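Q: Can you take me through the ring contacts here? Keep it brief.

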Amino acid sequence: MADTELSHTDLPHSPGPAGGWGSLKGIAEIFGEASATPAALDTLRKLNKPKGVMCVSCAWPKPANYSAFEFCENGAKATLWEQTADRCTPEFWQDHAHSVTALRGWSDHDLEKTGRLTHPLRFNAATDRYEPVSWDEAFADIGAKLRGVERESAVFYASGHAGLEASYLYALLARAFGNNNLPQSSNMCHETTSVGLTKVIGSPVGTVVWDDLEKADAFFFFGQNPGSNSPRFLHPLKALKDRGGKIVTFNPVIEQGLVSFVDPQSPRAMLTGKETKISDHYLQVKAGGDVAAILGLCKCVVEADDAAQAAGKDAVIDHAFIAQHTKGFDAFIACCRTTNWDAIERESGLAQEALREAAGVYIAAERVIGVYGMGLTQHIHGSVNVGMLVNLLLLRGNIGRPGAGCCPVRGHSNVQGQRTVGIAEKAHLIPMDKLKALFGFDPPTKDGMNIVEAVEGLVAGKVKAFVCLGGNLLRAVPDQARMEAAWAAQDLTVMVSTKLNRSHLFPGKAAYILPCLGRMERDEQAGGPQTVTTEDSFSMINGSIGHRKPASEHLKSELAIVTGIAKAALDANPLLKWDEWTGDYARVRDLIEATYPHDFRDFNARMYTPGGFWRGNGAHERIWKNPEGRALFTTPGELNALGFKDAPGRYRLITLRSNDQFNTTIYGMSDRFRGIEGTRDVVLMNPDDIAKAGLADGQTVRLVSDADDGIDRKLGGLKLVGYKLPRGTIAGYYPECNVLVSLAHHDELSKTPASKSVPVRIEADSLD
Ligand SMILES: Nc1nc2c(c(=O)[nH]1)N[C@H]1C(S)=C(S)[C@@H](COP(=O)(O)OP(=O)(O)OC[C@H]3O[C@@H](n4cnc5c(=O)[nH]c(N)nc54)[C@H](O)[C@@H]3O)O[C@H]1N2
Ligand SMILES: Nc1nc2c(c(=O)[nH]1)N[C@H]1C(S)=C(S)[C@@H](COP(=O)(O)OP(=O)(O)OC[C@H]3O[C@@H](n4cnc5c(=O)[nH]c(N)nc54)[C@H](O)[C@@H]3O)O[C@H]1N2
Ligand SMILES: [Mo]
């Protein structure tokens, strides 16, 4: 037996299972008594149910058969964080200590902790402060400034929060303005999926739906951490285990949610502390080592097929499916046969025996779902990773039949939907003919900028105006130090936000913060209260009705802010009915349906379907919408996803999320599952590596970029923590470590920054 079976007592810090009382304590610790107010509890009860509110945290689907409490620890944190009683009012800026320059010394947590933004604000360079401004004045000046820049030098970024209606109009605004510069947070996230999966199976999104989760016999997890990032996923995982299914995990870090779970929705489990073991096999692959690991699994499948055929038994590989539906099989199989185990073990960091056991689970299971997240996408060869996972699934026909498929787990609650309704920098993805017919203008046909291109454009001085519909772009991008200087040199920066964050602290020559309603808040327009819609990871569309009193009477909805800017920045066009659309979002849903009739048939009538209505997916029915019309086996050109060579003293840094954050929103300093408390300034490292490097556990160290591009990047003041990681792989937190990521290191196909294998050196910090 290889040593791949774990229980939580094997963890370095033994924090106890995911879920359970710990998750309730986690909420109470941050929010204290505020979390128990009747209004807050009422919001939590409405989460993820028909005619309720779709959670603002992650994009995990909502089951049609929902339970009384259809939320998780992190959904509750996100809800309560948005519904805080704290307010960042204009008075905040009157404090002598609160200049924009001074606030750059504040932590992400402290900036957002100032509370909900209450007034539209304009930056005053003379006082180095933001000051209140009227909406009319703000829109007029933003419109005038946008009219003053070259059409292609303005960028319209979106983080994946805003609903489909506001997002559709935002994309329309950019195109009517004259460009396709519509990058989105997915450019730093699952763009590898959008591009890589489209290449191999003709679908930019996952192929499974809820029903498949309930029919699967095994889940294979690659670089996705459900315990922190999509905790409601733990319920179908537990259900799979309860019916005798298997889970195999590939992850350099032992993540508690993939080890064991106590269901906080089950009073019995809570009282008895009865935990469900999640992963049957946990393989601590090296960062970037999945190509070799998956190749090892495929090699075992090929060997088992050879043996079965020689013995006259049923084939292990689904040859009929492969003949009918795929291309590239022979070349891939040749690669499986010729790659030797030494190379596979060296590149994956895993023993042949462990891979054979995992392959045994794959072969024994009739229906397998391959799950993945940032651990596969954020590498220089991230799309090779995605292609490898698809190879594994294709071998046994595990795509496009019940209980099987490919399951990328998306991040922001509407990140996938925003792409669906037009927030896309690639012109060919957009039905421009429909836009022309509906709105009577010639949409731009040239591709716009993705995030990497937009920030390169910033550094080169070509980008002059940035509008951000949500997010904290300056904190989320690589090479942060270079970005901050370039950002502030722009003519115009406009941030549509709910809370103060670091991106606000590098104002352009004209700079506005436009505060918006949160999704839980009542959105009253001329036509009455409005609904917004979102799309989840399974392509299900759900209506969401806000019911809480807005945080301030001066807030506008995201949609109203988009139309306010549009009216000021664009010439009048009778077909662009911004006021009418603002008054009644159902009219915007009509436009979405008219533009994408196949996906959004009967949109207004179907949006409260329990669990959402499904947009459909060709690959789910084995219709492959790529140029080949077939699912592609891809033969990897290299055995790891790194894109750089190992060298003495060079480590692969993973940038991690804690259980106490949502991206750049830091709720608190407790990473309970990893046993890291009170600080985020840490580097996790294998104790043998620590000894070999001549360092000591607890010592203060500095990480230095080893990207070989001549750019100086360093981050000091980090405490070294001995941790059970593969040799050569170290870990630190995102976004703090973003200063170390090179903008030039991104997935080759999609340009997703390679945040999960950052080459760094480690030095004793002189402060020590
Ligand atoms: N609470 C909370 N929820 C969130 C978020 C949040 O920040 N907080 N963010 C949201 C967003 S936008 C997104 S995109 C998702 C992100 O959710 P995930 O996709 O889970 O992203 P990460 O936590 O960044 O990384 C996932 C895992 O990849 C592992 N990993 C790192 N490198 C490798 C590798 O080379 N190979 C393998 N196999 N594994 C590797 C890490 O150890 C980690 O466990 O979550 C969403 N949900
Ligand atoms: N090193 C490293 N870098 C990474 C990653 C990584 O794993 N490692 N992950 C990447 C990933 S997966 C992603 S998705 C990006 C995330 O990048 P972004 O999406 O740009 O960042 P967020 O932290 O999600 O944005 C938080 C801000 O959004 C605003 N906000 C919150 N709710 C709302 C709302 O309802 N409406 C509006 N308009 N604004 C709102 C608040 O002002 C808050 O401060 O970061 C990427 N960067
Ligand atoms: Mo993301």
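This is a predicted model: local features need pLDDT of at least 70, side-chain atom pairs count only at pLDDT 80 or more; totals for chains, interfaces and linings use all residues.

Q: Which ring does Arg-104 lie over?
A: Arg-104 sits over the face of Phe-506, at 4.1 Å from the ring centre. The criterion is NZ of Lys or CZ of Arg within 6 Å of the ring centre and within 35 degrees of the ring normal. Arg-151 lies over the face of Phe-177, at 4.2 Å from the ring centre.

Q: How many aromatic pairs in the whole structure?
A: The search finds 26. Rings of Phe, Tyr and Trp (its six-membered ring) pair if their centres lie within 6.5 Å; planes under 30 degrees apart are stacked, over 60 edge-to-face, the rest tilted. Phe-156 and Tyr-170 are edge-to-face, 6.0 Å centre to centre with 80° between the planes.

Q: Phe-156: buried or exposed?
A: Buried, at 0% relative accessibility. Tyr-170 is buried too, at 2%. Buried means under 20% relative accessible area, exposed over 50%, partly exposed in between (1.4 Å probe, protein chains only).

Q: And what about Phe-321 and Trp-624?
A: Their ring centres are 6.4 Å apart and the planes are at 70°, so the pair is edge-to-face. Phe-321 and Trp-624 are 303 residues apart. Both are buried.

Q: Which residues form a ring cluster?
A: Trp-60, Trp-210, Phe-219, Phe-221, Phe-233 and Phe-538, linked by ring pairs.

Technical notes
Residues are numbered from 1 along each chain as its sequence is written. Chains are lettered from A and ligands numbered from 1 in the order in which they are written. Side-chain values use heavy atoms; hydrogens and water are left out. Helices (H or I, at least four residues) and strands (E, at least two) are DSSP runs, numbered from the N terminus.
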